[in-house]
Amino acid sequence: MLKARTGGDGQAKKGDDYNKKNRTGKVWLVGAGPGDAELLTVKALRAINTADVIFYDYLVSADIRSLFPKNIPAFYVGKAKNKHSIAQNDLNQLLVNQAKLGLTVCRIKGGDPFVFGRGGEELLELRSAGIEAEVIPGITSASGCSTYADIPLTHRGLSQGCTFVTGHAEKSLDVNWHALAQLKHTLVFYMGLTRADEISANLLAGGLAADTPVAIIENGCRKDQRNIISTLSEFPADVLRENVQSPALIIVGEVVRLREELQSTVMAHAAEPQYLLA
């Protein structure tokens, strides 16, 4: 049984005459971004405020959840590692059923629904069932978290591309590691904490240098964001030593070196005397 944040029995309801209208509702698949509530799009906030029922994920931050209207039932349907509140197939059917009741459903996901968010699976299920459904993009974690850490994903002369890789897999990662290592792209690993050793060993074997800089960003775009700078050979040990917790991103590439330069520039300007001009 799903438990609503605002109470309830897992079934959203409208007015007494609602069922007489016998109309089909709509599902919004909403990207909430990486955590900072101010990164929500205007369209995402409008979908939240006009919903009849909200279903939200594990990565939807407390700051964003605080914006949910108090009179709208909100249900947690998240998936933490080895701890799923609801099976994906059951969730898909739940969204279909709620829309068939005529409800406007807001399904909120961390980051962007189409970047490792199973948004495509849910959209296919909804449209196959004849449900009107629309996706609202969100700032994906790679972009938001790296920006908040002063790490550009691309930079002229350092990286002309960026590749996103999921660290989530049933057994081993199905990745062409040699090709990935030779891209000369910034590499961003989502959900890769438990596979840090595998990521490091395979990229090293693929030809990346041991001193290739790596950033581990924990709780990106939140008040407690933590940025740990390491190297390709050392970062698995740093993950353990620093007790890094999910959610966290792993960024591999020369662009990580820019963080120190950007921050030192800020410090230098801050130390300069300030003058008021009359």
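I started with helix α5 (residues 119-128), which lies across β1, β6 and β7 and runs at about 170° to β1. A reminder to myself: this is a predicted model.

Next I looked up helix α2. Helix α2 covers residues 42-49 and lies across β1, β2 (53-56), β6 and β7. Its direction is at about 135° to β1.

Both entries sent me to the sheet. In what order do the five strands of the open sheet come? I read the order as β3-β2-β6-β1-β7, with parallel pairing. The edge strands are β3 (74-76) and β7 (132-136), and each of them pairs on one side only. I also noted the twist, which averages 20° from one strand to the next.

Strand β1 spans residues 26-31 and strand β6 spans residues 104-109. How many bridges join β1 and β6? I found six, in the parallel sense. I followed V30 across to β6, where its bridge partner is I108.

How many disulfides does the structure hold? The count is zero. I then checked C106 and C162: are they buried or exposed, or partly exposed? C106 has a relative accessible area of 0%, so I wrote it down as buried. C162 has a relative accessible area of 27%, so my note for C162 says partly exposed.

Definitions and conventions. Residues are numbered from 1 along each chain as its sequence is written. This is a predicted model: local features need pLDDT of at least 70, side-chain atom pairs count only at pLDDT 80 or more; totals for chains, interfaces and linings use all residues. Side-chain values use heavy atoms; hydrogens and water are left out. A disulfide is a pair of cysteine sulfur atoms within 2.5 Å. Buried means under 20% relative accessible area, exposed over 50%, partly exposed in between (1.4 Å probe, protein chains only). Two strands pair if DSSP finds at least two bridges between them. Helices (H or I, at least four residues) and strands (E, at least two) are DSSP runs, numbered from the N terminus. Axes are lines fitted to C-alpha atoms, for helices over the stretch in contact, and angles run from 0 to 180 degrees between N-to-C directions. Contact means heavy atoms within 4.5 Å.
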